[in-house]
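Here is a short report for a first look. Start with the view below, then read on.

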Amino acid sequence: MDSSVKSFLLDVRAFANSFLSEYEPLVLVSAPLIALFVASMLQSALQVLHENGLKATLLGFFMSFVKLVPGVKSYIDAEKQKVVDKLQSGGKSVRESWRTELPSTGLGVGVIEQMKDEKRKDVAWQGKCSGAVYIGGSECEGHFSLINEACSMFAHTNPLHMDVFQSVVRFEAEVVAMTAAMLGSKKKSSGGQICGNMTSGGTESILLAVKSSRDYMKTTKGIKKPEMIIPESAHSAYDKAAQYFNIKLWRVPVNKEFQADVKAIRRYINRNTILIVGSAPGFPHGIVDPIEELGQLASSFDICLHVDLCLGGFVLPFANKLGYPIPPFDFSVKGVTSISADVHKYGLAPKGTSVVLYRNHDLRKHQFVAVTEWSGGLYVSPTIAGSRPGGLIAGAWASMISLGEEGYLENTKKIMEVSKRLQKGCCFLFFSFSLSEKGVLFVWLFLFYFGDWKQGY
Ligand SMILES: Cc1ncc(COP(=O)(O)O)c(C=O)c1O
């Protein structure tokens, strides 16, 4: 070592020793430990701030302080426990009469009578449960009975065995192709490669689209710590997907019109972002997000964009054809990489039917699971379930083929007209409510409009 460097180091050492000799050994040992502790606390706080945002972090701190007030924490814990106890014991008395073992002698066809008795105890939902059952009219006639017949005809089939149940394999391919055509697959701008599968519902379609996007982005961009950004109004299926597939989820507040706030979403995009999301429409407000703007954003960052058309898939394409002003929402929009559309909602198919679609095969291949070295033989499964209900696929096919474009156009017209009347009614109600001192008028008008809406539907 150079002698000048050596003498410099010796000087530094002498200075440090003389400076530290003023302190007690205990202080010298504990200072670095305290510094380490403070640094790690600071790092955790910054991480919480980064993950939850300033507002939620401050609220979290405030709640932690409130809990320090004597009695507050024990009060909150006791209230929580009450809710848990209620949930766990809820309906216990009803359940006491429920079977927990097989009957020693089977009931044979008598079981049907017993089931009819049980069904009679259900709430009278026919035509009355918006957001639950989408087919109107009596359960024993019309579209209902047609679907029931189609389902029961194929109740024992399973498209997992493609070579055996070729009928349902064809039905599934046709349901997917017809849905894709409704959502832009035949337009040149779609790229001509739209493909997909039937799933058990909107949630499964969303789960699969998220999983495929994650694996696609891992392959193409090497993203190993995936993040996705969704508007606050997006369905809770994305929370499920985030938990199942280990993806960090950012929920971004919507704008004043309750639409996805594209500028705000942009601020959350980073090198780990795999996917952004738009709904057409979203469940909470029934409002269509600006899909074109989201598409531009996704394209400019080369990330995936899923459009949730679970509710709108069987309404918006027909509303468009009827001439209602509908902003672009499907594969004709550049940047849209996947779409979910529920046949079991406004497609008027039996419960347990949805379609997930992808822009191309490169994306969709990440949805499949193929096990080649299993002692049970080659196993290839396209969706989450292994065996799948061919009866439901047949029911969806029957619904689409029996209604045809004309049927869906007719239904959509009714829906759009009713929604217009509701809108008008709501504006009127709001106005009347502002005028009426005690809100009596509000209640009366609500009943009036609700009754009217039911008839129109
Ligand atoms: C917009 C939207 N997305 C997804 C879903 C989830 O669909 P499912 O309940 O069929 O899983 C719903 C359900 O209402 C929805 O409205």
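## Around the ligand

In this predicted model, the ligand is surrounded by 13 residues. The closest are Gly201, Gly202, Thr203, Phe283 and Cys310.

What classes of residue make up the shell around the ligand? Seven are polar, four are nonpolar and two are charged.

## Overall build

The protein has 15 helices and nine strands. Its radius of gyration is 30 Å, while the globule rule gives 23 Å for 457 residues. The C-alpha trace spans about 100 × 65 × 60 Å along its principal axes.

How much of the protein is buried? Of its 457 residues, 30% are buried. Contacts can also be sorted by distance along the chain. Take those with a separation of 6 or more: 69% of them join residues 24 or more positions apart.

## Domains

The domain assignment gives three entries: domain 1 (13-82), domain 2 (151-397) and domain 3 (411-456).

Now look at domain 2 and domain 3. Their C-alpha centres lie 34 Å apart. Where they touch, five residues of domain 2 are in contact with four residues of domain 3. On the domain 2 side, the residues that touch domain 3 are five nonpolar ones, with no polar and no charged residues.

Key:
Residues are numbered from 1 along each chain as its sequence is written. This is a predicted model: local features need pLDDT of at least 70, side-chain atom pairs count only at pLDDT 80 or more; totals for chains, interfaces and linings use all residues. A residue is near a molecule or strand if its C-beta atom, placed from the backbone, lies within 6 Å of it. Ala, Val, Leu, Ile, Met, Phe, Trp, Tyr, Cys and Pro count as nonpolar, Asp, Glu, Lys and Arg as charged, and the others, Gly among them, as polar. Helices (H or I, at least four residues) and strands (E, at least two) are DSSP runs, numbered from the N terminus. The radius of gyration is taken over C-alpha atoms; the globule rule is 2.2 Å times the number of residues to the power 0.38. A residue is buried if 20 or more other C-beta atoms lie within 10 Å of its own, exposed if 12 or fewer, and partly exposed in between; C-beta atoms are placed from the backbone. Two residues are in contact if their C-beta atoms, placed from the backbone, lie within 7 Å. Domain bounds come from an automatic or database domain assignment.
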